[in-house]
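Please read the notes below alongside the sequence and the coordinates; they are grouped by topic and written as a short briefing.

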Amino acid sequence: MDRNDVNRISLTGDLSMVGAKEHYQSLEQYAASQAEAVAAGRRENAPLEIDLTGVQELDACGCQLLAVFLNNLRLRGARDCSFKLNDAHRMKIHNLGFDDEILNGGHP
Amino acid sequence: MNHQDPTMLGINTARFNLMFFEECGEHLAEMERILVSLDNGEPNDEQLDAIFRAAHSIKGGAGMFGFQDMILVTHILESLLDKMRNNEITFSPSMIDLFLEAGDVISMQLSGHRDGSEVRQEAVDLICSKLQLVIEGGGAAVASESACLPAEVLHGNIVTDCSAPSADTTVHRYELTFAPDPDIFKRGVRLENLLADLEELGMLTVHAQVNVPSDFSTFDPEECITSWRLCLETSASVADIRDIFIFVADADQLQVLDVTDGTSATGQTAEYEETAPFGFQTEEDSLAPAPSADHPGIVTTGRRAYDKNETTPAAYGRRAGDAESSIRVGVTKVDQLINQVGELVITQLMLAQTAAELDPVLYEHLHRSLLQLERNTRDLQQSVMSMRLVPISIVFSRFPRLVRELAAKLGKQVELKTIGDTTELDKGLIEKITDPLTHLVRNCMDHGLETPEARIAAGKKSGGTITLRASQLGGRIVIDVIDDGAGLNRDKILRKAAERGIPASDSMSDEDVWHLIFSPGFSTADAVTDISGRGVGMDVVLRNVQSINGKVDISSEPGKGTRITISLPLTLAILDGLSVAVGKEKFIIPLNSIIESLQPTVENLKTVNGENVVNIRGDYLPIIPLYELFNMDSLVKEPEKGVLILVDADGEKAAVLVDALLDEHQVVIKSMETNYRKVDGTAGATILGDGRVALILDVNSLLQMRKQNIAYS
Amino acid sequence: MQTGREITDGSGTRTVSEYLTFTLGKEEYGIDILKVQEIRGYDAVTHIANAPEFIKGVVNLRGVIVPIVDMRIKFKLGEPTYNEFTVVIIMNVLERIIGMVVDGVSDVVALSPEQIRAAPEMGSSMDTDYITGLGTLNDQMLILVDIERLMSSEEMQVMEQAA
């Protein structure tokens, strides 16, 4: 995962059971640094964009991870984010039933 | 008979309960075993007696504990059996199913008393009335009239309407709630495939709900914390829906609610279908299923439903040995204990070696004590080793009933044979091998074996045979699943592979083509009969076996049958072996593979096609010089100066040349793969008395290596 | 990328990593101390047939079989000797226990980020893929090795490679 600018998170590679642990670590670091920033009074006001175009594999495990990560961000007050993803991923998220948890900000 | 509640007599019967539950379980298992072994044939006097005695014992025990409900059922059963013993009632094949059903009901009652789980009174009432009918009706005629219901019911399927045996074509709306095991991701289950299969049944909407943890930093991404709510509009039956989840969910992880009548999600008036593929009952039983015009009957469930953990000694019907109480000990503790005892043995051996140099007369007392120490240590090691070993019968014993039920469901005749039930393997392996084996057997019955008509048309006998064979070979446990069915269809497999985008070519060997069925996403199942190919495939079988360092091999002959061989390492098993020396190193050859050993004379040594052979009673066996195969120094290069160990590798014989024969040992097999990798020609290693590591030779592999070496030279 | 154990001091931003240092040939190396399980002498190694020369064989470590690799042979660092001073570092890498023969073990050192700089493309016998950086301590250059990456690499032939 890399962050090109402060407001975008790009995820690449294998976001399935295989790469879950690794991605989790990156996401966790990001979440932790966000928490630190918030604690230090530096709040991100710009909207967040999550770029999934670089993701090759995506499965239920990966969707679950995304959902948990996004929920965590929301808990810390991040505003709803936008997503950049190709049709195949969009289909997959839909087929696995994660529309609400990931794309719709947790609201049905 | 008047049964008084013993607790009223002031007797504390609680601590005798456990024994009763275990014994009762044994009686039920025995009953089932005899009934299934009858294969719908009439029991002889001895067998009938045994079944009667089992029922009688259960009744007696139940009486002691005041379990009135069990007394009731067993009493009627006992009466019926008694009449049969006295030839007052004639036997009919459908009675076997009836008795099995009775056993299931008693099992359910037992479970109710033991675990407090729910007892479905309708099932109890039903079996009582059915048994009663048979008694009053004098036997055969009445039993067969109700055959429609009991047969379906017994196989643990969803009930079908007797008057409309074909599928109900009206579209129903079902709400499914799926709360999978947390380790479902780790098991490699691909939910996309499962959902795709569901989608094939009709209109599907999916909604995932993540049980988000409060602390992201402690979240384990490999664990599943998501549950799914699905809405499916389909004309398929609940059984079809549940079939899709067969390997993925236990019945209690999947809830299916028929909401066709437009009722609310709380299911106040919704029909509650309880299905039990092969005997797992749902626990959400808040509604008593109401018989309706469409679904007249109620399902009872198999005994297996109540064996929560089939491998624990207390689970009835799945016993390895005696009825003993057990305590649970962590596996790592046992491993640690085994290692420590191993070190103790080595220390004791070193002591013995040192003491051997001391004058036996002067130090007589010391020698005697050390001898005693050796005996104690050896006993300790035996006991500790056996802690983890369990006979494979614990796995095999579930199959007779499974095969019987499945055979009935598929309309096929199948006989199950098991060989090598006493083969012991590590408990950890048992747990991991059960699922793959079950899947293979189901697969075998579903796809491998033909219908009786097809078999007869092919000139075979109408009944097919499935053989489960377990044996220990060298450092491995080999389990075969053999059927005499239609064999694998090479063309069909290649076609399917092409369809699924799996790389394959016509020039592939048969072996390689068979292995294609292990590719992820592969399934040659036809939709209609498929009961084993949904959601989870052979690729998961392979993965499960590989995860325990096992291998799967397939051989098949069209028209004749298929053999699937699973070979597992025995990482914690003991091996009887012969230690031999080559150069500075020592090796262990498993005794199982050794025919004999000898020092050849020059006259018996010949050369054939450039290869050295030895003449043993007319047979010429190739000589395999170990030092050559392993590229090492040795003291002996000429066979007549060394020792030849004649070995048998699955029928092929050879003579392994070593420097010297050392000793016969019982050794503990240690894994090489844990920290290193598998070494060609070997199957694990062991630690000798001097603390050094010795490799355990794998005779099959040695022969292979030899052939390859010759091919390349 | 792993960089050894990180210690933060009171101010919360400085991190210091700890390494076990050892000698191979003429050079000094360091590996993450957390990956080191114990240190043993070189003894009773059972040879493994047809394994590469730098895999000396396996030993019995309290009932567990552990492979031993000799880095001096692998990276051609002088004449490997085996005497009472030869040391084997037993490491726990990627859930496997592996022993590594070295010429000698020096010390456990702590390095702060300022003491570590990137490794240049040339200069060391070891492929720079496996080097996380160069540390300097008292004018001594320390080659910091990514031991996980090294041991799991195909060329070490110690671990089965994922298909």
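In this predicted model, chain A holds an open sheet of three strands, arranged in the order β1-β2-β3 with parallel pairing. From one strand to the next the twist averages 25°.

**Sheet in chain A**
- The edge positions are taken by β1 (8-15) and β3 (82-84) of chain A, each of which has a single partner strand, so one side of each is left without a neighbour in the sheet.
- Strand β2 of chain A, residues 49-58, pairs with β3(A) in the parallel sense over three bridges, and A:E49 stands opposite A:S82 in β3(A).

**Helix pair in chain B**
- Helix α3 (residues 68-85) of chain B packs against helix α4 (residues 94-115) of chain B at an angle of about 165°, and their axes are 9 Å apart.
- Because angles over 145 degrees count as roughly antiparallel, α3(B) is roughly antiparallel to α4(B), and the crossing of the two helices is left-handed.
- On α3(B) the contact is made by B:D69, B:M70, B:V73, B:T74 and B:L77, while α4(B) contributes B:A102, B:V105, B:I106, B:Q109 and B:L110.
- By class, this contact of α3(B) with α4(B) has seven nonpolar, two polar and one charged residues.

**Contact between chains B and C**
- Chain B gives 22 residues to the contact and chain C gives 21 residues.
- On the side of chain B that touches chain C, the elements giving two or more residues are α10 (331-356), β22 (682-687) and β23 (693-697) of chain B, with the largest share, three residues, coming from α10(B).
- That side of chain B has nine nonpolar, seven polar and six charged residues.

Notes: Residues are numbered from 1 along each chain as its sequence is written. Chains are lettered from A and ligands numbered from 1 in the order in which they are written. This is a predicted model: local features need pLDDT of at least 70, side-chain atom pairs count only at pLDDT 80 or more; totals for chains, interfaces and linings use all residues. Two residues are in contact if their C-beta atoms, placed from the backbone, lie within 7 Å. Helices (H or I, at least four residues) and strands (E, at least two) are DSSP runs, numbered from the N terminus. Ala, Val, Leu, Ile, Met, Phe, Trp, Tyr, Cys and Pro count as nonpolar, Asp, Glu, Lys and Arg as charged, and the others, Gly among them, as polar. Two strands pair if DSSP finds at least two bridges between them. Axes are lines fitted to C-alpha atoms, for helices over the stretch in contact, and angles run from 0 to 180 degrees between N-to-C directions. Angles under 35 degrees count as roughly parallel, over 145 as roughly antiparallel, 65 to 115 as roughly perpendicular and the rest as oblique. A crossing is left-handed if the near helix is turned anticlockwise from the far one by less than a right angle, and right-handed if clockwise.
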